Amino acid sequence: MCTALTLPVVGASAANLLFENVTLIDGTGTAPIVGASVLVKNDRIDLVSPVPLKHEAGVQVIDGTGKFLMPGLIDSHVHIGANAVTEDEFQNQRLMGVRALHSFLYLGVTSVYDSGNVPDYIFSLRAEEQGGKLVSPRLFATGTTINVYGGRGGGRIRPEGTPNSPIRLKEDWAESKPLLENYFKTRKPDLQKMVIDRRGVFEPPTPIMSVEQMTSVVRLANENGIRTTIHAASEEDYSDALAAGVDEFAHVIRYPASDELLKLLAAKKIPMSTTTVVAKFIERLIDDPSFLDEPVWKNSVDPDVLAYQKSDERPAFAKTGRSLTVKATHHFLMNNVKKLHELGGVLVAGTDRGWGQTLHWELELLHGAGIPLLDITRMVTLNGAIYLGREKDLGSIQRGKLADLLLNADPTKDVKNFAAIAAVYKGGQKIDFAKLDIPINKKK
Ligand SMILES: [Zn+2]
């Protein structure tokens, strides 16, 4: 359904590379291969070999002794810049967006999916990235989300008519259809997000899309070559979304869920973005924001953004009682993650945040839930590509795929090793960390 990616990277054509004597973790979840070789020609993987390959002229050899080669990481749920600024400032935050994108590259993330943002803002960044004008992870986006009038969920509630407010469906599908069709054709979202969030578990119920409305959206999106994902909250929301044929879920259910629902989600192999870290982030931000002073945060995230988290986001979250809500539901979420994994569900690492470091925190939480590290290597690579419908081109180290690669220490031994990064490649081109617009480069 999706056309092949032909996304250039910044700079000259990529070199031909031969990674030698690496331990290969190919992203499919199969056991690592010691002493492997991977040949990259231009932007794609040309050959994967369990034994050494002959050196060819014009191929740069990279000695991977003691290192692990895996696909670049994929964060399946981010909001670039969306947590850094107020609504008024939003349109002028290109610079903050670029810095956020650089924080992902710095931490080994070569693809992100923005799960809701100002369309003009995020699609112009996407155009720059795809046009090779911006050093950035591959940027996939929905732009706006789809909801009904009075519907909640999917982040901050913005007033009607503001750039980031969702597309509101009318009662009559005939009225909504042209609006959506125009959006799909002009904006070309990579994966269209909807929102169904009736709450009613801990909060009063709110209006939601009907199954008929959701079915119509899914059908229209699919007809336009676009898959759909959805923010759902309660068991009823998930059941409605399943009935409507939604392709993916933007979160794992964070409320009590029946075994029947979890079994169904797993059996249907519907990719679900895990997003366990967002609750932990909010909880820690309210309880003790000093974690933002740790070196990895200070080195990779703009100081104004960190200050904003403490001065504005923290009291805003505190006022809504979010800390209590997330604490009350977190064990349901982690329990659901664990059960879905045991049932063979397709879990996809995602954060619902906007910086590279949160993805590593997400991986720690998944491991803490009892998921083996080798399984996590797949959740944060190939499953991410499947979530985006881009698995033909991304997500694993296999012949013909784009050479988005991460050279690091053994991620199957220690979850922290995902971030023990020696080098990052996008489309066969090494990312020059010294040129990234991140705080660590300003100290020098
Ligand atoms: Zn989100």
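**Figure 1. D352, a buried residue with a relative accessible area of 13%, is among the protein donors of the zinc ion.** The model is predicted: local features need pLDDT of at least 70 and side-chain atom pairs count only at pLDDT 80 or more, whereas totals for chains, interfaces and linings use all residues. Residues are numbered from 1 along each chain as its sequence is written, and side-chain values use heavy atoms, with hydrogens and water left out. Buried denotes under 20% relative accessible area, exposed over 50%, and partly exposed the range in between (1.4 Å probe, protein chains only). The zinc ion has as protein donors H77 (NE2), H79 (NE2) and D352 (OD), which lie 2.1 Å from it. Donors are N, O and S atoms within 2.8 Å of the metal (3.2 Å for Na, K and Ca); water is not among the atoms, so sites may look incomplete. The spacing of the donor residues along the sequence is H-x1-H-x272-D. Both H77 and H79 are buried. D352 occupies the loop between strand 15 (347-348) and helix 11 (356-368). Helices (H or I, at least four residues) and strands (E, at least two) are DSSP runs, numbered from the N terminus. The phi of D352 is positive, near 60°, in a residue other than glycine. Most residues other than glycine have a negative phi.

**Figure 2. N42 lies in the loop between strand 2 (33-41) and strand 3.** N42, a residue other than glycine, has a positive phi near 55°. With a relative accessible area of 46%, N42 is partly exposed. Strand 3 itself spans residues 44-49 and includes V48. V48 counts as partly exposed because its relative accessibility is 32%. Beyond its neighbours within four places in sequence, V48 contacts L24, S37, V38, I397, Q398 and R399, where contact means heavy atoms within 4.5 Å. The C-alpha atoms of V48 and I397 are 7.6 Å apart, although 349 residues separate the two along the chain.

**Figure 3. Helix 3 (residues 173-187) packs against helix 4 with the axes 10 Å apart and at an angle of about 35°.** Axes are lines fitted to C-alpha atoms, for helices over the stretch in contact, and angles run from 0 to 180 degrees between N-to-C directions. A crossing is right-handed if the near helix is turned clockwise from the far one by less than a right angle, and left-handed if anticlockwise. From helix 3, W173, K177, L180, E181 and F184 meet S216, V217, L220 and A221 of helix 4. By class, this contact has six nonpolar, one polar and two charged residues. Ala, Val, Leu, Ile, Met, Phe, Trp, Tyr, Cys and Pro count as nonpolar, Asp, Glu, Lys and Arg as charged, and the others, Gly among them, as polar.

**Figure 4. Helix 5 (residues 235-243) has D237, Y238, D240, A241 and L242 as its buried residues.** The cover over these residues includes strand 11 (191-196), helix 4 (211-223), strand 12 (227-232), strand 13 (248-249) and helix 6 (259-267). Just after helix 5, G245 adopts a positive phi of about 80°.

**Figure 5. Helix 6 and helix 10 (residues 322-342) cross at roughly 50°, their axes coming within 9 Å.** Helix 6 is therefore oblique to helix 10. Angles under 35 degrees count as roughly parallel, over 145 as roughly antiparallel, 65 to 115 as roughly perpendicular and the rest as oblique. The crossing of helix 6 past helix 10 is right-handed. D259, L262, L265 and A266 of helix 6 form the contact with N336, K339 and L340 of helix 10. Four nonpolar, one polar and two charged residues make up this contact of helix 6 with helix 10.

**Figure 6. L365 is located in helix 11.** L365 counts as buried because its relative accessibility is 15%. Apart from neighbours within four places in sequence, L365 is in contact with T276, V277, K280 and M334. L365 and D410 are 45 residues apart along the chain, and 18 Å separates their C-alpha atoms.

**Figure 7. D437 lies in the segment after strand 18 (429-430).** D437 counts as partly exposed at 21% relative accessibility. When residues up to four places away in sequence are not counted, D437 touches L95, R99, H102 and K442. From C-alpha to C-alpha, D437 is 42 Å from L242, with the two residues 195 apart in sequence.
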